[in-house]
Amino acid sequence: MGLKTLLLVSLLLAALELSLAAGVHLVRSMPGSPLNISTDDRGLQQVVLAATYSFNNQSNDAFLFKPSAITRAQRQIVKGLRYIVDLEISRTVCRKRDHNNNLSKCDLQPKGRLHQTFHCHFEVWLIPWENETNVQVFLCKS
């Protein structure tokens with residue numbers, strides 16, 4: 001190995017050590033792979049609300065359900081946005097027959113006979129420029 005090559009390798013190793021010491025992560029995710037996102041993400045909140053309304057429309061329950069916890073949230077950029085979410089949906093005190101469309105005003109059922117929570121997984125694909133939303137997966141279990 002020539003002196004220039006040895007010097008170059010030494011400089012690269014020193015730069016790598018400094019980067020690692022400074023907390024810089026050199027490992028990047030693959031382009032197009034799902035990334036974890038904050039549960040406060042505005043797009044995620046919209047998707048969760050839409051999925052909850054879909055759940056309520058398909059459910060035969062007399063009460064409305066609303067999200068009680070988001071346990072995993074990921075977003076993937078693929079010809080739009082794909083959200084992959086695990087969450088808990090819990091029964092509220094609001095009855096469907098009352099036509100209450102604002103879930104934020106519905107309290108969760110207290111612990112007891114009427115309390116019920118479902119653990120759900122859903123995947124939604126959004127194509128904003130086509131104003132299209134496609135629920136690809138929606139699975140819930142108690």
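**Entry 1**

I looked up Phe 138 and found it partly exposed, with a relative accessible area of 25%. For this I took buried as under 20% relative accessible area, exposed as over 50% and partly exposed as in between, with a 1.4 Å probe and protein chains only. I note that this is a predicted model, in which local features need pLDDT of at least 70 and side-chain atom pairs count only at pLDDT 80 or more, while totals for chains, interfaces and linings use all residues. Residues are numbered from 1 along each chain as its sequence is written, and side-chain values use heavy atoms, with hydrogens and water left out.

Next I searched the whole structure for aromatic pairs and got five. The rings of Phe 55 and Phe 138 are stacked, because their centres are 6.3 Å apart and their planes stand at 25°. The rule I used: rings of Phe, Tyr and Trp (its six-membered ring) pair if their centres lie within 6.5 Å, and planes under 30 degrees apart count as stacked, over 60 as edge-to-face and the rest as tilted. Phe 55 lies in helix H2 (residues 42-58) and Phe 138 in strand S5 (residues 132-141), so the pair ties together parts that are 83 residues apart in sequence. I took helices (H or I, at least four residues) and strands (E, at least two) as DSSP runs, numbered from the N terminus. Phe 55 counts as buried, at 13% relative accessibility. I also found one aromatic cluster, formed by Phe 55, Phe 65, Phe 118, Phe 122 and Phe 138.

**Entry 2: Disulfides**

I then counted disulfides and found two. The test was a pair of cysteine sulfur atoms within 2.5 Å. A disulfide is a covalent bond between the sulfur atoms of two cysteines.

Cys 94 and Cys 106 form a disulfide with the sulfur atoms 2.2 Å apart. The angle about the S-S bond is -110°, and the link of Cys 94 and Cys 106 is left-handed. Cys 94 sits in strand S3 (residues 81-95) and Cys 106 in the loop between S3 and strand S4 (117-127), so this pair ties together parts twelve residues apart in sequence. Cys 94 and Cys 106 are both buried.

Cys 120 is joined to Cys 140 by a disulfide, S to S 2.1 Å. The link of Cys 120 and Cys 140 is right-handed, with 110° about the S-S bond. Since Cys 120 is in strand S4 and Cys 140 in strand S5, the pair ties together parts that are 20 residues apart in sequence. Cys 120 counts as buried at 4% relative accessibility, whereas Cys 140 counts as partly exposed at 31%. With the bonded cysteines numbered in sequence order, I read the pairing as 1-2, 3-4.

**Entry 3: The sheet**

I listed the elements: two helices and five strands, in the pattern α-β-α-β-β-β-β along the sequence. The five strands make an open sheet in the order S1-S2-S3-S4-S5, with antiparallel pairing. Two strands pair if DSSP finds at least two bridges between them. Strand S1 (35-36) and S5 stand at the edges with a single partner strand each, so one side of each has no neighbour in the sheet. S3 and S4 pair in the antiparallel sense over ten bridges. I checked Tyr 83 and found its bridge partner in S4 to be Val 124.

Leaving aside neighbours within four places in sequence, Val 135 is in contact (heavy atoms within 4.5 Å) with Glu 123 and Val 124. Val 135 counts as partly exposed, at 40% relative accessibility.

**Entry 4: The core**

Last, I looked up the largest nonpolar core, which has 17 residues; Leu 44, Tyr 83, Val 85, Leu 87 and Phe 122 touch the most other members. H2, S2, S3 and S4 are the elements that give two or more residues to this core. A nonpolar core here is a set of buried Ala, Val, Leu, Ile, Met, Phe, Trp, Tyr and Cys residues joined through side-chain atoms within 4.5 Å. Not counting residues up to four places away in sequence, Leu 44 touches Ile 37, Ser 38, Thr 39, Ile 70, Ala 73, Tyr 83 and Val 85. Buried residues make up 29% of the 142 residues in the protein.
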